[in-house]
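Please open the model in your viewer and keep the sequence panel beside it. We will go from stop to stop, selecting a few residues at a time.

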Amino acid sequence: MADQLSPDEKFDLVTRNLQEVLGEEKLKQVLQERELKVYWGTATTGKPHVAYFVPMSKIADFLKAGCEVTILFADLHAYLDNMKAPWELLELRVKYYEQVIKAMLESIGVPLDKLKFVKGTDYQLSREYTLDVYRLSSMVTEHDAKKAGAEVVKQVEHPLLSGLLYPGLQALDEEYLKVDAQFGGVDQRKIFTLAEKYLPSLGYAKRAHLMNPMVPGLTGTKMSSSEEESKIDLLDSKEDVKKKLKKAFCEPGNIQNNGVLSFVKYVLFPLRGEFCIKRDPKWGGDKIYTGFEEVEKDFAEETIHPGDLKASVETALNQLLEPIRKKFESPELRKLTNSAYPNPSKTKGAKAGGGGGGGGGEDDELAPSRLDIRVGKIISVEKHPDADSLYLEKIDMRGIESQAMLLCASIEGDPRRVEPLDPPEGSSPGEQVFVEGYETGKPDDKLNPKKKVWEKLQVDLKISDECVAQWKDQHLMTKLGQITCKTLKGGNIS
């Protein structure tokens with residue numbers, strides 16, 4: 001496609017849907033001579049969320065325009081930003097980001113062979129780069145460094161020196177990645193202008209800068225990894241997506257700070273070229289839009305109801321997320337996720353436990369690792385002598401002593417629909433069943449009935465829409481994979 005585009009058409013594709021471009025003439029000049037070299041960097045801190053589809057859709061535009069695109073996993077930046085990523089987790093976070101970003105790109109049809117992936121510490125610890133950091137630090141004032149990072153680096157009462165270094169390193173990346181332009185959110189504008197001001201002082205060329213608008217989160221403010229209520233995670237279940245969108249700010253007729261509407265504009269239209277509003281025939285039936293302006297106009301005039309908009313975005317979003325969810329069902333990627341982002345309640349529990357004893361704090365009391373759940377093999381089933389039902393005569397647990405309890409899925413109000421849970425194929429009786437994120441906890445030797453530990457944990461045991469057993473949306477697993485049931489979607493586990 002890029003071979004058939006003129007330089008002006010390439011420029012229009014590169015800059016469409018951007019909020020601001022610094023250095024337009026430079027871009028046009030390069031495009032007259034050769035293909036543009038662009039980089040997008042992401043600090044490997046919190047888990048990427050659905051707002052990351054905005055830069056992903058622009059990366060798709062860059063590739064269609066024939067650009068050479070580099071994606072930087074900025075691991076050192078993640079540490080410098082008030083240690084949002086602890087040093088011991090840097091490598092794991094980079095691996096997680098690489099897997100999830102690639103999964104996102106694949107879900108929107110972007111060919112990975114045309115992209116270059118780079119890790120920051122692969123070159124940022126070199127002698128040459130380090131000397132340039134010192135050279136730059138001798139020119140940039142504290143005021144300029146703090147101002148540049150004001151909207152990107154976490155702001156605290158007593159800022160660390162590391163946060164002041166952050167903007168300068170991002171500026172140097174443009175030179176060391178040998179690009180013509182850097183792409184990022186408009187919140188990075190001050191870092192971009194710092195780069196334009198100081199790189200020439202080091203004898204390096206001034207680059208162009210491409211800026212996306214910041215997509216509002218579900219609460220109407222910036223979507224942030226650190227604000228759970230503002231975001232939809234890439235691995236959220238269909239139930240979570242529905243629940244979060246239902247709570248999202250989407251006031252009738254209000255097109256300002258509307259994260260749901262913004263997702264349609266900056267992700268769905270660039271990727272698909274159209275958007276379908278699904279609604280009941282009595283309210284006009286489904287309608288396909290081929291331009292965002294018409295969607296915005298109809299929503300402003302309240303022709304589109306917020307409930308219909310949310311339901312339609314939910315459908316489209318789940319189509320984007322499903323390939324990512326499937327990829328991360330593998331035991332290897334689930335282990336990577338849990339290692340890169342260890343469950344905070346486990347950490348709290350370990351600290352609260354101090355040097356010994358059985359804990360007893362609220363986090364310990366509700367940890368699912370306290371349950372000793374095992375794979376069992378049903379040997380025989382008999383008709384109950386005193387009731388019109390069946391009971392289990394014998395279960396093989398391979399020498400594991402356990403109270404007689406079989407976990408089953410059921411549908412509330414329908415006693416006839418009950419199914420035993422199925423372990424992964426190849427499982428053996430006696431194998432441990434755990435909740436992802438709680439693999440290392442020690443089960444109680446015996447549950448104290450007065451504490452009602454089972455009762456408190458059981459209320460959050462459910463079957464997902466994909467027929468996977470979960471506790472608080474975390475999968476029940478063995479070392480071979482997920483615990484499932486055959487048909488009872490949305491059922492309870494007891």
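One term first, for a stop further on: a polar contact is a pair of N or O atoms within 3.5 Å; within protein, one atom must be able to donate a hydrogen and the other to accept it, and residues adjacent in sequence count only if both atoms are side-chain atoms. This is a predicted model, in which local features need pLDDT of at least 70 and side-chain atom pairs count only at pLDDT 80 or more, while totals for chains, interfaces and linings use all residues. Residues are numbered from 1 along each chain as its sequence is written, and side-chain values use heavy atoms, leaving out hydrogens and water.

**The whole protein**

Begin with a cartoon view. The protein has 17 helices and 19 strands; these are DSSP runs numbered from the N terminus, with helices being H or I of at least four residues and strands E of at least two. Of the 494 residues, 49% are buried, where buried means under 20% relative accessible area, exposed means over 50%, and partly exposed lies in between (1.4 Å probe, protein chains only).

Select residues 7-15, which form helix α1. Lys 10, Phe 11, Leu 13, Val 14 and Thr 15 are buried there, and the buried residues of this helix pack against β1 (20-22), α2 (24-33), α3 (53-64) and β6 (208-212). After the helix comes Asn 17, with a positive phi near 65°.

Next, pick Lys 58, which sits in helix α3. Is Lys 58 buried or exposed? Its relative accessibility is 3%, so Lys 58 counts as buried. Follow the side chain of Lys 58 to the backbone oxygen of Arg 16, which it reaches at 3.0 Å. Contacts here mean heavy atoms within 4.5 Å; leaving aside residues up to four places away in sequence, Lys 58 touches Leu 13, Val 14, Thr 15, Arg 16, Leu 18, Phe 183 and Asn 212.

**The six-stranded sheet**

Turn to the open sheet of 6 strands, ordered β1-β6-β5-β2-β3-β4 with mixed pairing. Two strands pair if DSSP finds at least two bridges between them. β1 and β4 (115-119) are at the edges with a single partner strand each, so one side of each has no neighbour in the sheet. Zoom in on β1 and β6, an antiparallel pair with 3 bridges, and find Leu 22 opposite His 209 in β6.

**A loop residue, Ile 304**

Move on to Ile 304, in the loop between α12 (292-300) and α13 (306-327). Ile 304 counts as buried because its relative accessibility is 2%. Show its surroundings: beyond residues up to four places away in sequence, Ile 304 touches Ile 277, Tyr 289, Val 295, Asp 298, Phe 299 and Leu 309.

**Strand β14 and its partners**

Last, select β14 (residues 432-435), which pairs with β9 (residues 373-374) in the antiparallel sense over 2 bridges. Arg 374 stands opposite Gln 432 in β14. β14 also runs antiparallel to β17 (residues 474-478), joined by 2 bridges, and Val 435 faces Leu 476 of β17 as its opposite residue.
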